[in-house]
Amino acid sequence: MTTEALEAWLSVATATGLVLPPGEMQPDNDGGFRITTTLAVAGLSVGILIVLAHDFPKDAPLVLVQDSQLLGRLPHVFRNAGVVCYSTSEGLLLNRQQPETVLTWAVKETIRTLEEGLGTSQVAEFMRELEVYWRQLGGPEVVNFYNPSSEARTLTSYSAKDNLRWLAGAEQEMPPRHRAGNKLLTTIKEKATYLPLLPGTAFIPPAPNEPFWTIDQLRELVKPTLMAIPSKRRRQLFKSGRDWNGLLVLAVPLVGHKSHVTLLGIAYTSLKGVHPLGERGSAFDLKPVQLLRWERSYLLPRGGGKMSLTPKKVLVIGCGAIGGHLAHELSQTGILYLTLVDGDRLSIENMHRHALGMAGVGEYKAIALRDELQRKYLYAEVTAIAKPIEQALDAGEIQPESFDLVIAATGEATLERYLNERLRAIAGAPPVIYSWLEPYGIGGHALLTRPHQAGCLECLYTSPNPDAPLSNRALFAAPDQQFSLALSGCGSLHTPYASLDASQTATLAARLAVEALTSSQPESPLWSWKGSDRELKAAGFKVGPRYKLTEETLRRDAMRYIAPNCPVCAFDSNTNAATNHE
């Protein structure tokens, strides 16, 4: 960026409405520029510094207030440096071809931000970014595992030997790793109090480098909330019990959101062993604490998961290429309780298409996948059974009726047809999803079946013509083709597909699983994704008639696979099931 270019931009910006009086313009050491000038803000002449990076307008201009004392403390202005937070970077789109437009926008947004901060909405603006301002206060960090509620209650603060501190209301709220073995026996426990403030509570948080709240200021802030709690309950929460040290958690309703809160931590030391929110005592030392939001009700929605899925229990049969990706997808949706069944070890030949990669080679897939999931996902509780599903069922190690959903992704059609018949015969059996993919990236499938409802895996192998050869009618590839490929003899025999194909099929199955578990899908549909047939044809194979259907038709006809003459789920001919789609 040259001086001539900047002057040209300023000229164009001024001509198009830039409210920027002439000022001093200086190049900086990084190849950018600094513009020192004044802005008219609510009748005041405010000195500002505009910093343009060397690659402006790739990034928005940095704007700083030169004399923060003139305006006093304002929301969205970091007082120490005077930086004005006039826009969020999330989703921000800047026109790099029109730098003068970007500069004009930045100046106007700065004026708007400062004027709003000086206006009647000042407290509301502080509340909107309360978490940011509290973070500026510093203080020790405490991990929070407690899921905020609308009721005041007593919590427990734990301190481990490794200086890790965390907060919970019950042991079950903690991740498995924090309550495993004897870990809790070696922690120091202190009392903590959770207090949800009334909706509409508004205040300006303490400023950095200034004295923190006094006990009187704190009590005045929470007084309306305390008065709304029955007196008997207040005495239970705040009774004296030699509380020399403790933690107070204020849950402040987030402006504009009914169910979201900001959590503020306050550590207290009582010189007389009484609770700071009790009815007596004034000798307290209060300090800010930073609460790290690790509770599941925060982390799961933040990552796109659903809290409604957290109590669900899912059995995954088959931990190969599809099953490995699928287990990860299920954990990320919010399903915390998985049971994985697979009796095979991961071979190095399958490393590149398995979610475990080299780390799982030589290990039992179920066990290695369990360890990986519990390492990656904080709240995952995974059970691994490293034996064939038939053995696990025969030995009574698995009770299918105790799960909310079963997903089979074994890649073995004969085994899954056996499971389809056996699972449907179990009283109280849950819905079952069967998922498989086809070779050469041509597509993948997921079938949801429900007990006592028409539509099951055997329907796909049931033809109206009893003399027809046995084949899966859902396949995109033409029947009666052998796809197994050997790179160095029969010992290397495998079905050719890539991790991308397995991952896409797992995603399809995971989406169907979420719909089944949230009751969004009450039927038993067959879902399919369709890829390119280029590699399949190049290898000398043919596509079948179903591949020629459009994606829209495939989704519309998701129930047309049901076979009225299915020997497993035969149903009354008067039902409204559609005819087969050959």
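**Figure 1. Salt bridge between Asp557 and Arg560 in the predicted model.** Arg560 counts as partly exposed at 23% relative accessibility, whereas Asp557 is buried, with a relative accessible area of 14%. Buried means under 20% relative accessible area, exposed over 50%, and partly exposed in between (1.4 Å probe, protein chains only). The closest N and O atoms of the pair are 3.7 Å apart; a salt bridge requires a side-chain nitrogen of Lys or Arg within 4 Å of a carboxyl oxygen of Asp or Glu. The whole structure holds 16 salt bridges by this search. The model is predicted, so local features need pLDDT of at least 70 and side-chain atom pairs count only at pLDDT 80 or more, while totals for chains, interfaces and linings use all residues. Residues are numbered from 1 along each chain as its sequence is written, and side-chain values use heavy atoms, with hydrogens and water left out.

**Figure 2. Salt bridge between Glu131 and Arg135 in helix α5.** The two side chains meet at 3.4 Å, N to O. Because Glu131 and Arg135 are 4 residues apart in α5, about one helical turn separates them. Glu131 is partly exposed at 31% relative accessibility, and Arg135 is partly exposed at 48%. Helices (H or I, at least four residues) and strands (E, at least two) are DSSP runs, numbered from the N terminus.

Figure 3. Pro57 lies in the loop between β3 (44-52) and β4 (62-65). Lys58 is partly exposed at 45% relative accessibility, as is Asp59 at 40%.

**Figure 4. Positive phi at His76 and Tyr440.** Most residues other than glycine have a negative phi. His76 has a positive phi of about 70° and is found in the loop between α2 and β5 (77-78). Phi of Tyr440 is near 60°, and Tyr440 is found in the loop between β18 and β19 (443-449). His76 is buried, with a relative accessible area of 14%; Tyr440 is buried at 16%.

**Figure 5. Lining of the second largest cavity.** The volume of this cavity is about 60 Å³. On a 1 Å grid over the protein atoms alone, a cavity is a set of points where a 1.4 Å probe fits but cannot get out, a pocket is an open set with protein on both sides within 12 Å along at least five of seven lines, and lining residues have an atom within 4 Å of a point. A volume is the space filled by probe spheres set on the points, which are joined across faces, edges and corners. The lining includes Asn420, Leu423, Arg424, Val432 and Tyr434. Helix α13 (413-424) and strand β18 (432-437) each supply at least two lining residues, and the largest share, 3 residues, comes from α13.

**Figure 6. Lining of the second largest pocket.** This pocket holds about 640 Å³ of space. Of its 21 lining residues, Leu254, His260, Val261, Arg293 and Tyr298 lie nearest its centre. Two or more lining residues come from each of α5 (130-135), β12 (261-270) and α9 (296-302).
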